[in-house]
Amino acid sequence: MKKQICILGSTGSIGTQALDVVREHSDLFEIYCLTANNRVEQLARQAREFRPAAVVIANDAHYDRLKELLSDLPEIKVYAGRDALDQIVEASPIDMVLTAMVGFAGLSPTIHAIRARKTICLANKETLVVAGELICRLAMEHRVRILPVDSEHSAIFQSIVGEGDNAVEKILLTASGGPFRLFSKEQMATVTAADALKHPTWEMGAKITIDSATMMNKGFEVIEARWLFGVPAEKIQVLVHPQSIVHSAVQFCDGAVKAQLGVPDMRLPIQYAFSYPDRLPLSGDRLDLFRGPLEFFEPDLDKFRCLAIAFESIRRGGNMPCIVNAANEIVNEGFRRGECSFTAMADIIERTMERVPFDASPDYDTYVQTDAEARRVAREFMNI
């Protein structure tokens, strides 16, 4: 039988590439539900093509428009609102949930999907950044598999498959370095959002592309790797690798290093999560190692302070990564709107870390309260 898949965030970069995978392997995968936040026209077009049992538009202001666009397809149920996201992932036919929503909003439906014992294909890194300990505990309690979709974490996962209990000595997490890798601090002070959105190797959504430019995205991936693979942050090393060919690697206790290489194509980790443990054919370019060198550099934590901030947040633990994530979402959007400078983002996040109350043992309600307070504080600092 075909695997029934729910895609949370089907109109974003990961969601649309996941649908490419489903198109290519329609004999194996079927869409049960598609969701989006605001892109109602695109969601309707996807629904017409894939004919899911249900669609959800998180912003209920678009509900009437979505109903109108799909009025001739009464077999597709149309829902709206954040609560509908939590409810739809619990539907009994669903086998796996691809969490491709951006930001803190992905946490609640992921928790509901875990409690409903759905396999999680995790593309929403903020879920583990904010509440990694809670998510891992719930996954163990409900015996739910979490399969990474980020290219780096998929690469780590692929490198440890078959290694059993062999001890991991170090995780080597690669980063492209973003568009400002060779910029001076003085140059970085004047860059614009348009400059930052020109990623040299990957095509991603706006939020994650800005996070890549600040290297906060890589900091979040360190936190994510810490929870996914049970390796402390001090055993995770970030390597700047401009070619984005080595997607990440694992060093074992005997010194051997295993890496996963490939062209920059997010369909590969998405498909591997869908088909694991099997590998399926995938159309597209193939890696040619004769085309150029593979280079690796240490990240400059003085220039890319957001990466240092992320390491500091996991060192402090508790709700500190939640504070950092919330503040980062605010400044990321603010920078894209021209409301703060590129370098001011790290300043505002650091000030928010010091202002919002620290909780060493947060529960879900604490995360929700922390997220709201950190957003309020970051907005306050951004407007000063």
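**Exercise 1. Describe helix α11: how many residues does it have, and how far does it reach?**

Step 1. Take the count: helix α11 (residues 216–229) has 14 residues. Helices here are DSSP runs (H or I, at least four residues), numbered from the N terminus.

Step 2. Take the span. From its first C-alpha to its last, α11 reaches 20 Å. That is close to the 20 Å expected at 1.5 Å a residue; the expected span is 1.5 Å times one less than the number of residues.

Step 3. Check the surroundings. In α11, 11 of the 14 residues are buried, so the helix is largely enclosed by the rest of the structure. Buried means under 20% relative accessible area, exposed over 50%, and partly exposed in between (1.4 Å probe, protein chains only). Among the buried residues are Met216, Phe220, Val222, Ile223 and Phe229.

Step 4. Look past the end. Gly230 follows α11, and its phi is positive, near 65°.

A note on the source: this is a predicted model, in which local features need pLDDT of at least 70 and side-chain atom pairs count only at pLDDT 80 or more, while totals for chains, interfaces and linings use all residues. Residues are numbered from 1 along each chain as its sequence is written, and side-chain values use heavy atoms, with hydrogens and water left out.

**Exercise 2. Find the angle at which α1 and α12 pack, and name the residues that meet.**

Step 1. Two packed helices are described by the angle between their axes and the distance between the axes. Axes are lines fitted to C-alpha atoms, for helices over the stretch in contact, and angles run from 0 to 180 degrees between N-to-C directions.

Step 2. Read the pair. Helix α1 (residues 13–24) packs on α12 at about 60°, and the axes are 9 Å apart.

Step 3. Classify. Under 35 degrees is roughly parallel, over 145 roughly antiparallel, 65 to 115 roughly perpendicular, and the rest oblique. α1 and α12 are therefore oblique to each other.

Step 4. List contacts (heavy atoms within 4.5 Å). Ile14, Ala18 and Val22 are among the α1 residues in the contact, and Ile270 and Phe274 are among those of α12.

**Exercise 3. Classify the packing of α13 and α14.**

Step 1. The angle is about 150°, with the axes 7 Å apart.

Step 2. That makes α13 roughly antiparallel to α14.

Step 3. Ile309, Ser313, Ile314 and Arg316 of α13 make the contact with Met320, Pro321 and Val324 of α14.

Technical notes:
Helix = DSSP H or I, 4+ residues; strand = E, 2+ residues; numbered from the N terminus.
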